[in-house]
Amino acid sequence: MKVKRVLISQPAPENGKSPYGSLTEKYGVRFNFRPFIKVEHIGASEFRKQHVEFDNITSIVFSSKVGVDHFFKLAEEIRFKVSEQMRYVCKSEAVGNYLQTYIQLRKRKVFCGNGTTKDMVAVMEKHASENFLVALPDGNNEELLSLLEATKLNYQVGLMYRTVSNDFGPDESLENYDAFVFYSPEGINALKKNFPNFEQGERYIGCLGENTAQAIENAGLRLDIPVNCRGSKYRSLVEALTDFLKENHKGSHK
């Protein structure tokens, strides 16, 4: 099947400029953005039930920009004053740089991994004297928690937000799409919830990450475009889709 329309299960870029613009120009493929999931904040009253002890925390761990947003929102709600001496461990440099939305960055207090969960924990181990608060979503933390349990680090987990299905309206359909791209297991759960009779057939599915790939398999679907998982050579969806469409449209691109 020649791919003409692709559904990206994320919000459209804020600047309106799609990272897939060059693929539209070259192959005439239309990319639509429609988030399958949304993030809900865990408010102060619910968070307090976790009994997180803030007094001894010296370092906060962030695996995503979303975690940064919800931590500082929650800190304001519970009137926790974040010390200027607080240190931070971030999964990637992009997350570390995003911290400047809320604090003044100094190299001596922000330590970044290379974008993988394993490396983030390795960074934490380099600073093993810290008392960590790990800011996480409610659910889908198995890999990180397993890695942390195998260490001797002093850490607490704070669940600060959760991902839920973003319901589709009765007039919304997937019938006109030839390919779909998913970024999380929750996106696959939302697909099955909103479209319980969905059949993949000849249509293609791409995804980012091993957990998402496993969710696709568990749902009885076929993964055609793996990124950053299962031995895939690709680390970005743009790169993977570029090669995929080149082959899919062989002899027919503009």
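Strand E4 (residues 59-62) pairs with strand E7 (residues 131-137) in the parallel sense, over four bridges. Within this pairing, Val61 has Val134 of E7 as its bridge partner. The model is predicted, and both strands belong to an open sheet of six strands with mixed pairing. A further open sheet, formed by five strands, has parallel pairing.

**Six-stranded sheet**

- The strand order of this open sheet is E3-E8-E7-E4-E5-E6.
- Strand E3 (37-41) and strand E6 (110-112) are the edge strands, and each of them pairs on one side only.
- On average, neighbouring strands of this sheet are turned by 25 degrees against each other, with direction ignored.

**Helices across the six-stranded sheet**

- Helix H3 (residues 65-77) lies across E3, E4, strand E5 (87-90), E7 and strand E8 (154-165).
- The direction of H3 is at about 25 degrees to E3.
- Helix H5 (residues 117-126) lies across E4, E5, E6 and E7.
- Relative to E5, helix H5 runs at about 155 degrees.

**Five-stranded sheet**

- The order of the strands in this open sheet is E2-E1-E9-E10-E11, and the pairing is parallel.
- E2 and strand E11 (225-227) stand at the edges with a single partner strand each, so one side of each has no neighbour in the sheet.
- Neighbouring strands here are turned by 15 degrees against each other on average, direction ignored.

- Strand E1 (residues 5-8) and strand E2 (residues 30-33) are joined in the parallel sense over four bridges.
- In this pair, Arg5 stands opposite Arg30 of E2, while Leu7 has Asn32 of E2 as its bridge partner.
- E1 also runs parallel to E9, to which three bridges join it.
- The bridge partner of Ile8 in E9 is Val181.
- Strand E10 (residues 204-208) pairs with E11 in the parallel sense over three bridges.
- Leu208 stands opposite Val227 in E11.

- E1, helix H1 (residues 21-27) and E2 together make a β-α-β unit, which is right-handed.
- Helix H8 (residues 210-218) lies across strand E9 (179-182) and E10.

**Second largest pocket**

- Rolling a probe the size of a water molecule over the atoms shows where empty space is left.
- The volume of the second largest pocket is about 180 Å³.
- Its lining consists of Phe72, Lys81, Val82, Ser83, Glu84, Tyr88, Tyr102, Ile103, Gln104, Arg106 and Lys109.
- By class, the lining residues divide into five nonpolar, two polar and four charged.

How values were computed:
Residues are numbered from 1 along each chain as its sequence is written. This is a predicted model: local features need pLDDT of at least 70, side-chain atom pairs count only at pLDDT 80 or more; totals for chains, interfaces and linings use all residues. Side-chain values use heavy atoms; hydrogens and water are left out. Two strands pair if DSSP finds at least two bridges between them. Helices (H or I, at least four residues) and strands (E, at least two) are DSSP runs, numbered from the N terminus. Axes are lines fitted to C-alpha atoms, for helices over the stretch in contact, and angles run from 0 to 180 degrees between N-to-C directions. Contact means heavy atoms within 4.5 Å. On a 1 Å grid over the protein atoms alone, a cavity is a set of points where a 1.4 Å probe fits but cannot get out, and a pocket is an open set with protein on both sides within 12 Å along at least five of seven lines; lining residues have an atom within 4 Å of a point. Grid points are joined across faces, edges and corners, and a volume is the space filled by probe spheres set on the points. Ala, Val, Leu, Ile, Met, Phe, Trp, Tyr, Cys and Pro count as nonpolar, Asp, Glu, Lys and Arg as charged, and the others, Gly among them, as polar. A crossover is right-handed if, with the strands pointing away from the viewer, the path from the first strand over the helix to the second runs clockwise.
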